[in-house]
Structures are given as C-alpha cells and as structure tokens.
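Good morning, and thank you for coming.

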Amino acid sequence: MAHSLLLAILLVGGIIVLTMLVRYGSEKIGLPALIGYFILGILLRAAHSSWGLLSEGGLHIFEFLASLGIIALLFRVGLESDMASLMERLPQASLLWIANILVSGALGYWVAHHLLGWALIPSLFVAVALTATSVGISVAVWQEAGALNTSNGALMLDVAELDDLSGIVLMALLFAVAPLLKEQAGASLLPVLTQTLGLLLLKLAAFMVLCVLFARYMERPITRLFEAFHDGKGTMLVVLGIGIMVAALAGLIGFSVAIGAFFAGLIFSRDPDSVKFDASFGSLHDLFAPFFFIGIGLAMDPGALTSALVPATALILAAVIGKILGTAVPALATMGVASAVVLGVSMVPRAEIALIIMQQGLELGDWAVPPDVFANLAVMAAVTAVFVPVILRPMFKRWPQT
C-alpha cells in the first residue's frame, strides 16, 4: 500500500478520535462542537500547507468524507422533519417565516452586492445562505432553560425548520439559475428565472413524486424485510445506503447531493419506526458529519482568512439584524417585546444549512463562490454559532419563557 495512502488513513483515524474529544469538550464548556471541527480542518490545512501532509489522493479522501458528511447532516434534517405536524402549524408560523427570510435574504444581498461590492452570483449565494437558521444551536439553549415545550418554544422550532426547508429549496433554484446568469452576464434576473423555473419545478416535482411513491409503497416493506434478519440489526445501514443512493440520484439529474439527502430523510420520516432508526443513526451521524465541517476548514485559504475581518463583520451585522428584525417585529403582534426579542435572537445562528449552501457553491467554481467570500461566510457562521448561546442564556434568566 502506498505510503501517502497509509498516511491519509492514519490521519482519518486520528481525526475520528479527535472529533470525539472535541465533542465532549464542547459539551463541557457549552459551545457547539462544529466550531471545534472547523478549527480541526483549519489546523489540518495549515499542516498540509507547511509540510505537504496530504497527497492528491489523500485530499480526495477527505473530500469524499466531507460529501458523506453533507449527506449525513441533511439526511438527519429530513429524518427529523414532521411534515404533517409542520403543515398543521404553518398558519401560525408562516408570517414569521416569510418575514424573516425576506428581510435576512434582502439585507444579506444588499450588504454583499452593494456595500461590499461582490458580484451578482456570489451575492445571491450569500443571500440564500443567510435565510437559513441553525436550529440545533438555539434548541439546545431552549431545552436547557426548560422552555422548548412551551408555545413560544414550539413556534421557534417551527419557524427554524421552515427556514431550513426554504433554504434548501432556494439552493435548488439558485443552482439552476446561477449557470445561466454566468452565461448571460448583464441579463436581468427575471427573464432567466422565468426561463428556468418551469423545468426546475417539473424536475423537482417528478423527484418528489418518486420519493412519495417509494415512501408509501416500498419503504415499509424494505425496512420490515431487513428487520426480520438478525432482529433488525443492520436495518439502519440499509436505510442509510438507500439515502446515499437517493442523494447520488439527485446529483445525477441536476440537483445537489444535499437536496437528495434531505428528501431521502423525508422518505423515512413518515414511518413511526424512524424514531428507532434515528437513535441507531446517531453513531453514523457522529462519524460522518464532523468531516463536513473539517472539510470546510480544510478548504479555507489562510490568506482569505486574514483579510476577512471587515467583510465578515458586515455579514455578521447583516445576519444579526436581518433575523432579529424579520422575526421579532412581526412576532410583536402575538407576544410581548421580551419574548419577541428572545425569538429573534434564537433565529440568528447560521451553521449547517448556510455552510452547505456556500460549500456547494464553492464546488461550482470561483465564479459562484470565491474563496474569500467562502471564508467570510464561514467566519460569520462560527461567530453566530458561538455567541448566540452566550447571549441567550442570560436572556432566559431575565425573561423566562416558561
């Protein structure tokens, strides 16, 4: 076996051990583990730049593991989505959802395109990324405060889930439109959108119909068949394997693997046994998901990081103001000022979905997401993920939502 391959395998094994240490350490100090994973990736990039630690094949291994990380992350988002309950509560959450994605997306685009002077397509990626919310970060603080099962907690969870769902749909739309915008530089956005939207919606509808048919007629027989073998041991591996195939199929027909992984999770979310699947999926998620954030750090250009202070600060302000204004102001119609502000701050963190959108854009090329834009969004995501829990905890002590 080649020496470079052995070294890559050694690094992968060591990083798996380090991710567990980072996770436990992060839990102790109350910070999101993804920040530690991100730092691991940056350190790996620095070591590779200094000593040539990874060969081209080794870098491909980490790119492959990062792709599996994207699939694991969005498969879990889909798996944990209760679409029936979400649709029932949609009227209550829709006003906050629509307002916050419009305000945060528009403000993100204005800051990127007009204030920072970035090109149209990178600015659109920034706008779409800023519409998403990292639901897991705020949920942990609400749980800690004993407020997640309140009416405000349920509303926060619904709005955050809708943010992520719409972020995924907007990403699919942007991936269809961005290449045409590149080819037709100077053309107005509206004609390009109308030209491609029909085909995109047709393909998306066909893909969704296939997923619904699979969920209704094939998912349960397949899972029951494998549950009959060895008392169900290995069923989750079959479910994950199907999820990976659905993700790959989505990529082959023109969507991203992220879109496919999300729909694959939705396929199995309708089955009551998916709760059991999700419990056994935890170890697989913990194995692969960190490699996505490590891949983010590994893809970072150290030079881009050093010049990220001013643009990243502008994006952080846009991220904070967009979500607080877009959520808290319409929330005042149904709750007090304190609860509305707590709800708005809870929407601020950006991590998984926002970084996935930017990472997928980075893979398209510098014309879609240049390295410096990617670095600035990564810094913004890290800052909001770290500081929002720190801000929320004293807010809950002063204004308990229970």
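Predicted model: local features only at pLDDT ≥ 70, side-chain atom pairs only at ≥ 80, totals over all residues.

**Helix H11 and its surroundings**

In helix H11, the buried residues are Thr235, Met236, Val239, Leu240, Ile242, Gly243, Val246, Ala247 and Ala250. Viewed down the axis of H11, these buried residues fall within an arc of 160 degrees, so they line one face of the helix. The face of H11 turned away from that buried side carries Leu237, Met245 and Leu252, which are exposed.

As to its dimensions, H11 runs from residue 235 to residue 252, which is 18 residues. From its first C-alpha to its last it reaches 26 Å, close to the 26 Å expected at 1.5 Å a residue. After H11 comes Gly254, with a positive phi near 110 degrees.

Let me turn to the nonpolar core. The largest one has 130 residues. Which residues have the most contacts inside it? They are Phe62, Phe125, Val126, Met358 and Leu377. For Leu377, if we leave aside neighbours within four places in sequence, the contacts are Val126, Ala129, Leu130, Leu315, Leu355 and Met358.

Gln360 belongs to helix H17, which spans residues 352–364. Is Gln360 buried or exposed? Its relative accessibility is 6%, and a residue counts as buried when under 20%, so Gln360 is buried. The side chain of Gln360 is joined to that of Gln359 by a polar contact of 2.9 Å. Not counting residues up to four places away in sequence, Gln360 also touches Ile70, Met171, Phe175, Ser256 and Val257.

I close with two loop residues. Leu53 is placed in the loop between helix H2 (33–51) and H3. Leu53 has a relative accessible area of 23%, and is therefore partly exposed. Leaving aside neighbours within four places in sequence, Leu53 is in contact with Leu7, Leu11, Leu44, Ala47 and His48. Of these, Leu11 is 42 residues from Leu53 along the chain, and their C-alpha atoms are separated by 9.3 Å.

The other loop residue is Asp82, found between helix H3 (56–79) and helix H4 (83–88). Asp82 is likewise partly exposed, at a relative accessible area of 43%. Between Asp82 and Ile324 there are 26 Å in space, C-alpha to C-alpha, and the two are 242 residues apart in sequence.

Thank you. I shall be glad to take questions.

Key:
Residues numbered from 1 in each chain as written. Heavy atoms only, no water. Helix = DSSP H or I, 4+ residues; strand = E, 2+ residues; numbered from the N terminus. Expected span 1.5 Å × (residues − 1). Buried < 20%, exposed > 50% of the residue type's maximum accessible area, 1.4 Å probe, protein only. Arc of directions from axis to C-beta. Core = buried A, V, L, I, M, F, W, Y, C linked by side-chain atoms within 4.5 Å. Contact = heavy atoms within 4.5 Å. Polar contact = N/O pair within 3.5 Å; in protein donor to acceptor, adjacent residues only side chain to side chain.
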